[in-house]
Amino acid sequence: MLTEKDLLDDLKISRTTLWRLKKKGMPCIKVGSSYRYDRTDVLKWVNNNQHGEYPIDYFESARISENLALPLAYNSLKSSLPKIKNNYKINIPYLLKHNKEYLNKLLTIGELDELQTRLSRYTNDFQGNDTVKIFTEEYLSILKKRHQNEYIENCDHKLDKFINNKNDLKIIWGDCLNALKKMQSESIHLMVTSPPYYNAREYSQWENLNSYLEDMRLIIRETYRVLDNHRIWVFNVGDVFDNDNLKTKSVWGKRRLPLGAYLIKIFEEEGFEFVDDIIWDKGEVESQRHKNGGINYPFYQYPLNCYEHILIFHKHRLDTSKIPCPICGSLNVNGNTQSEIGVQSWECKNDKCLERSPHNRGKRFSLRSNMMQDADRRIPANEIDEFTLSKWRRDIVKFPPVIKIDQNGNNRVGHSAPFPKDIPEMAIKYFSSAGEKVLDPFAGSLTTAIVAKKLNRVGVGIEINKAMFKSVIEKRVVQEFNGQTTLLEFNF
Ligand SMILES: C[S@@+](CC[C@H](N)C(=O)[O-])C[C@H]1O[C@@H](n2cnc3c(N)ncnc32)[C@H](O)[C@@H]1O
Ligand SMILES: [Zn+2]
């Protein structure tokens, strides 16, 4: 972006001429009481008007013929560009200097030292779009470390090392509440699971519905802490037909228990934002519910149960620490209202910033919009294929459940209740980038982590029932990856 003075100097025209050019439509942007000129827009405009659309007196100081005037301006502008660009070099020393006042206020002396040390790797020659990005990443990682340090004493460093080592397929054997409590805050990029459905299986038994929901609440609370900020939890759960064991233990106490609804409320109370309930249509699922002895009269009819919920929650922990403008790297930013609950948005107030809206507002941004618009995420490895997009376009999606029992009546997948790969596949493609860590705290046969690895993410599972799942998982990993992959295990 050029200042008015830059433009006048380099075109060697008077202010009046410039004023007339502007009246004729030369593009400019008002910044406070002055103007800025986008060099590409001006060049385009001058270029388009080279053929004499405007009379010569716009260039009165040059007093040259109409046919030469605009090409001359064009050339002059073009040759002046590198010079002007050099007036405003964004490099790391510039950003540190420009932001000095803010950094002194926002960081402790130790944190500022650390930032400077980390950035000292980048010399004056290091420039370009990456400069702002690197400065921002290092600055944000210091803020993140500050947040993580609030909990660090409870963390298990061996577990942390295990989760962060290079291997991209891992299982933690143990109770997920216990494991989550020992994990670093905001260290996982996406969570996907299907939890035990109350007392739906022989291996999961709670005294009553409330004790189940309380256990889930404690786990959900820890996942809120462990999930990175502005990231997503994909939670597949079905409503079950069971006895809540609160009013009666009799078989007559069996009724529809809307686990999805109860859990949504708990997720919200623990800080998550409920965003979507995608209905998974499983087709005709075996159940006894519709059987009425062929009585085709009122009050005897119940539908077959054939759906589950895929609940989608966002974590937006409100963080009001200033973040740099993604365009110019300035911390001269003002807080706007939250763009959604928990998402602090900012507006750049640096009048040298290269981007302004058509309404002359500074760049507006948030941690969430920076993440979503990050060019480094828009790479082929993260592009979602058309098939997946069209499959999940509507909020009712039909695909078959995993058939556990084969034609000979044998259980093909051990004693697990696996979900089909479709669910983690959508979750991982929609809500993570290659290389990120995906956690399933109720791993079962490790479906989520296996799909994550296949999609070049790091897949981590936590499973309490080692006796039941160890061999199932080991066999499955060999099959899925033709024996080419090692599974790392962590035992509590
Ligand atoms: C519905 S299954 C998950 C199946 C999995 N999605 C798959 O594809 O195989 C739920 C799993 O959670 C496990 N589980 C139950 N309570 C747990 C806990 N507190 N910590 C870790 N795992 C637990 C059960 O052993 C079971 O394997
Ligand atoms: Zn800016």
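**Entry 1: H11 and H12**

I started with a helix pair and found that the crossing of H11 and H12 is right-handed. Before going on, a reminder to myself that this is a predicted model. I looked up the ranges and geometry next: helix H11 covers residues 209–226, helix H12 covers residues 259–269, and they pack at an angle of about 40 degrees with their axes 10 Å apart. I wrote H11 down as oblique to H12, because of that angle. Then I wanted the side chains by name. H11 brings Leu213, Met216, Arg217 and Ile220 to the contact, and H12 brings Tyr262, Leu263, Ile266 and Phe267. Sorted by class, I get seven nonpolar residues, no polar ones and one charged for the contact of H11 with H12.

**Entry 2: H15 and H16**

I have helix H15 at residues 422–431 and helix H16 at residues 447–454, packed at an angle of about 50 degrees with their axes 9 Å apart. That angle is why I call H15 oblique to H16. Is the crossing of H15 and H16 right-handed or left-handed? H15 passes H16 in a right-handed crossing. For the contact itself, I noted Pro424, Glu425 and Ile428 on the H15 side, meeting Thr447, Thr448, Val451 and Ala452 on the H16 side. The residues of this contact of H15 with H16 split into four nonpolar, two polar and one charged.

**Entry 3: the sheet of nine strands**

I traced an open sheet of nine strands and got the order S14-S9-S10-S6-S5-S16-S17-S4-S18, with mixed pairing. Strand S14 (396–398) and strand S18 (488–491) are at the edges with a single partner strand each, so one side of each has no neighbour in the sheet. Ignoring direction, I have neighbouring strands of this sheet turned by 20 degrees against each other on average.

I zoomed in on one pair there. Strand S5 (residues 188–193) and strand S16 (residues 437–440) run parallel and are joined by two bridges. Which residue in S16 does methionine 191 stand opposite? I found leucine 439 there.

Then I checked where the helices of Entry 2 sit. H15 packs on the sheet, touching S5, strand S6 (227–237), strand S10 (307–315) and S16, and its direction makes about 155 degrees with that of S5. H16 lies across strand S4 (169–173), S5, S16 and S17, and runs at about 175 degrees to S17.

**Entry 4: the sheet of three strands**

I also looked at an open sheet formed by three strands, in the order S1-S3-S2, with antiparallel pairing. Its edge strands are strand S1 (2–3) and strand S2 (29–31), each pairing on one side only. I counted three bridges joining S2 to strand S3 (residues 34–37), and the two run antiparallel. One bridge I noted by residue: lysine 30 has tyrosine 35 in S3 as its partner.

**Entry 5: around ligand 1**

Last stop, the ligand. How many residues surround ligand 1? I get 20, and the closest are Pro418, Phe442, Gly444, Ser445 and Thr447. I asked which elements give two or more residues to this shell, and they are helix H10 (176–181) and strand S17 (458–463). By class, I logged 11 nonpolar, seven polar and two charged residues in the shell around ligand 1.

Terms used. Residues are numbered from 1 along each chain as its sequence is written. Chains are lettered from A and ligands numbered from 1 in the order in which they are written. This is a predicted model: local features need pLDDT of at least 70, side-chain atom pairs count only at pLDDT 80 or more; totals for chains, interfaces and linings use all residues. A residue is near a molecule or strand if its C-beta atom, placed from the backbone, lies within 6 Å of it. Helices (H or I, at least four residues) and strands (E, at least two) are DSSP runs, numbered from the N terminus. Ala, Val, Leu, Ile, Met, Phe, Trp, Tyr, Cys and Pro count as nonpolar, Asp, Glu, Lys and Arg as charged, and the others, Gly among them, as polar. Axes are lines fitted to C-alpha atoms, for helices over the stretch in contact, and angles run from 0 to 180 degrees between N-to-C directions. Angles under 35 degrees count as roughly parallel, over 145 as roughly antiparallel, 65 to 115 as roughly perpendicular and the rest as oblique. A crossing is left-handed if the near helix is turned anticlockwise from the far one by less than a right angle, and right-handed if clockwise. Two residues are in contact if their C-beta atoms, placed from the backbone, lie within 7 Å. Two strands pair if DSSP finds at least two bridges between them.
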